[in-house]
Amino acid sequence: MSSFAMLGRVSSIFKPRSYFHFTRCMSNVPENTVYGGPKRQNPNQRVTLTHLRQKYRKGEPITVVTTYDYPSAVHLDTAGIDVCLVGDSAAMVVHGHDTTLPISLDEMLVHCRAVARGASRPLLVGDLPFGSYESSANQAVDTAVRVLKEGGMDAIKLEGGSPSRITAAKAIVEAGIAVMGHVGLTPQAISVLGGFRPQGKNIASAVKVVETAMALQEAGCFSVVLECVPAPVAAAATSALRIPTIGIGAGPFCSGQVLVYHDLLGMMQHPHHAKVTPKFCKQYARVGEVINKALLEYKEEVTNGSFPGPAHSPYNIGADDMNGFLNELQKLGLDKAASSAAAAAEKIRKAPDGGSQANN
């Protein structure tokens, strides 16, 4: 029977209303959703823009951490951080540059993919690096598409509020990609800013921060980062907007806060890291000191021969196989190698916990 004939037969059997009821009952998709989502949020599901809007409306602060790799992303996931930002600050923190300018889109995509594999819960936002979106709106959209498709991100962030950046943000939003804006100190613009200098410290600059944030909101941004501006200026921008503000060195009056993973953990012990760690960052731990201590202990134990001991030499060869191995070495004329193997086996056996290792 042809498909059309079968369809006609089904139509004659079922009334339209009962037919749609029948097909709906066959589906496991909830009636109040389209395809598979969106569904009601729970703590174990991916944070979405809807979730952030709900927190914003309730006045609940939004937590954001900037990170660049799989292990740190797992930590953020475990801690329940709302947003994971893969920042172009990786150029400074991970790659050792003095500015964010050198990092390429391809390098950013590597960081994005690593973070996406480690963080299953936070909303993932990837920075558009310098040189990847300034030429035209089309370039900006193409780059944003790659960050989502190849980087596994949920949204992108771009810096600045010039007319071309506003146009780019609007074009990306219209392409169906969520955009986070960024005003105040915009590190990609240090050439015109004269270095990493705080913004909003005079009337004109303060008004520009607020107006730029509002322009990004009108372009469709779901949130705006306010970096290195006086707290009253950030409070004014937060009050003027209908979207969340995320502060970094902008005081306590924003809708949320962001810090770099390495900064807040106190991992920056090297002189370069000390140079690029901002003064507004609070260190919640001194992980760098712990790392340095562990590395020095490792170096000492390798040097004095105490590592690895029997406890960390877990792979053993049975007595019969050992004897056969020694015989084979001797047949090959490797008497010295056979002696070394025999001496090693005897040393392991006589070690304090070597007996149990041998039995394993």
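Predicted model: local features only at pLDDT ≥ 70, side-chain atom pairs only at ≥ 80, totals over all residues.
The protein has 360 residues, and 40% of them are buried. Its secondary structure consists of 17 helices and eight strands. Among contacts with a separation of 6 or more, 56% are between residues 24 or more positions apart. The exposed surface comes to about 20500 Å², and carbon and sulfur atoms supply 58% of that area.

Cysteines are the next topic. Cys221 has a relative accessibility of 3% and so counts as buried, because buried means under 20% relative accessible area. Cys281, with a relative accessible area of 14%, is buried too. As for disulfides, a search of the whole structure finds zero. A disulfide would require a pair of cysteine sulfur atoms within 2.5 Å.

The last stop is Glu227, which lies in strand S6, a strand covering residues 223-227. Is Glu227 buried or exposed? Glu227 is buried, yet has no salt bridge. The nearest side chain of opposite charge belongs to Lys157 and is 6.3 Å away, whereas a salt bridge needs a side-chain nitrogen of Lys or Arg within 4 Å of a carboxyl oxygen of Asp or Glu.

What the side chain of Glu227 does have is a polar contact of 2.9 Å with the side chain of His182. His182 is also one of the residues that Glu227 touches when those up to four places away in sequence are not counted.

How values were computed: Residues numbered from 1 in each chain as written. Heavy atoms only, no water. Buried < 20%, exposed > 50% of the residue type's maximum accessible area, 1.4 Å probe, protein only. Helix = DSSP H or I, 4+ residues; strand = E, 2+ residues; numbered from the N terminus. Lys, Arg positive; Asp, Glu negative; His and termini not counted. Polar contact = N/O pair within 3.5 Å; in protein donor to acceptor, adjacent residues only side chain to side chain. Contact = heavy atoms within 4.5 Å. Areas by Shrake-Rupley, 256 points an atom, 1.4 Å probe, with all protein chains shown as cover.
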